[in-house]
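Hi everyone, thanks for coming. Let me put the structure up on the screen, and then we can walk through it together.

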Amino acid sequence: MADITILYSIIGAIVTLFVCFIIGTFLPGVEKKYVHARIQQRIGPPVSSVGIMAPIKFAFKDNLEPHSPAPGLYKALPILSFLCVLLVLLFITPQMYSVALLSSVIAIIGLLKVEEIAYVLMGSLSKSIMSLSMRFPDLVKGAVHSDVVRSHIEDISSKRSLRMISYGSFPLYLSLFVPVVCSGSLYIGGIIKYQQIHGPFIFTTQGILAAFIFFIGYVILLNESPFNIIEAESDVIQGPYMEYISKYRSVIYLTKGLLMFTLAALFTIFFLGIPLNLFSWNILVYIIVALLFTLFMGILSAFTPVFTNRQFLPVVIVSTLIGVLAIVIGILI
């Protein structure tokens with residue numbers, strides 16, 4: 001009987017991952033079609049274009065050898081990012097609640113941090129084909145010296161990525177600790193159980209404050225405008241993604257949609273107290289929350305320019321202070 005229960009749990013987790021992955025592939029298309037295109041008063045691409053058709057198209061293109069000191073690691077980084085997001089989604093399924101170490105806030109934040117660090121490595125390991133012959137300031141200021149290590153386009157992106165993982169995504173992680181402080185539990189099961197007894201955190205003062213900074217962190221983690229300094233196309237040409245061709249770019253597209261759904265699922269669990277159960281009506285709440293986050297993010301990115309550090313740093317500082325205030329309120333109450 002125990003073996004059958006374990007088998008059902010494994011099958012349930014796999015089916016949940018598959019369905020959530022399919023839902024995630026439509027979210028980037030929803031943002032482009034029903035938000036950006038409507039705001040810009042154009043027809044826009046089909047909903048399946050960004051998250052489904054684009055990965056299929058790139059999967060059948062010829063691959064190119066990147067200009068990188070470690071091409072094997074450079075190619076593996078998109079796959080590493082995808083696996084990290086997939087594991088976060090796996091660890092928040094009810095089937096994993098019994099494995100307390102994995103279904104904890106610490107494990108989730110750790111995996112998301114690894115996904116962020118991949119951006120830094122992408123930028124530092126890429127020597128873009130477009131910048132190989134470009135005369136950067138290190139070459140035009142004086143005579144060319146053989147001992148000078150020249151800069152590349154991705155070097156800019158790598159330094160920006162390092163800033164982002166240092167303090168940029170801090171509001172999102174801080175917001176996750178507000179339910180932890182209120183419930184007194186680091187584990188997903190304990191946080192959900194507390195909300196089922198006392199009500200969702202979103203209806204409390206500290207929950208509203210934490211939800212606000214969670215959304216700020218959500219946009220930052222997805223590198224969307226106005227916080228997309230890593231991929232600012234006007235000056236760093238897609239940033240760390242420049243040399244990813246063929247199936248590696250397909251994985252990048254798939255990771256974006258999966259991360260959009262996974263972060264929305266984290267919000268549903270931490271602030272609404274609803275478990276991710278595919279075999280109940282709860283899954284509709286997850287879909288609605290994912291669509292709402294996609295809608296709000298699309299509106300924000302459509303009406304705001306890219307922030308420089310002069311605007312970005314104050315936003316992070318204010319969001320952090322709001323998060324600290326939410327935690328203090330949660331402790332006092």
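Helices here are DSSP runs of H or I with at least four residues, strands are E runs of at least two, and both are numbered from the N terminus. What you see is a predicted model, where local features need a pLDDT of at least 70 and side-chain atom pairs count only at 80 or more, while totals for chains, interfaces and linings use all residues. Residues are numbered from 1 along each chain as its sequence is written, and side-chain values use heavy atoms, with hydrogens and water left out.

Now, helix α13, residues 309–332. Several of its residues are buried, including Phe312, Val316, Gly323 and Ile327. Buried means under 20% relative accessible area, exposed means over 50%, and partly exposed is in between, with a 1.4 Å probe and protein chains only.

Stepping back, the protein chain has 13 helices and 0 strands. Of its 333 residues, 51% count as buried. Taking contacts (heavy atoms within 4.5 Å) with a separation of 6 or more, 79% join residues 24 or more positions apart.

How confident is the predictor? On pLDDT, its confidence in each residue from 0 to 100, the chain averages 84, and 87% of the residues score at least 70.

Next, please look at Gly29, in helix α1, residues 2–39. Is Gly29 buried or exposed? It is buried, with a relative accessible area of 0%. Leaving aside residues up to four places away in sequence, Gly29 touches Tyr34, Val47 and Val50. Ser48 is 19 residues away along the chain, yet the C-alpha atoms of Gly29 and Ser48 are separated by 5.9 Å.

Finally, the surface. The accessible surface of the chain, from the Shrake-Rupley method with a 1.4 Å probe, comes to about 15,600 Å², and 72% of that belongs to carbon and sulfur atoms. Ile39, Ile288, Leu292, Leu295, Phe296, Ile299 and Phe303 form a nonpolar patch there, with about 620 Å² of accessible area together. Helix α12, residues 282–303, gives the most to this patch, with 6 residues.

Key: pLDDT is the predictor's confidence in each residue, from 0 to 100. Patches are made of residues with over 30% relative accessible area and no salt bridge: like charges are joined within 9 Å, nonpolar side chains (Val, Leu, Ile, Met, Phe, Trp, Tyr) within 5 Å. A salt bridge is a side-chain nitrogen of Lys or Arg within 4 Å of a carboxyl oxygen of Asp or Glu.
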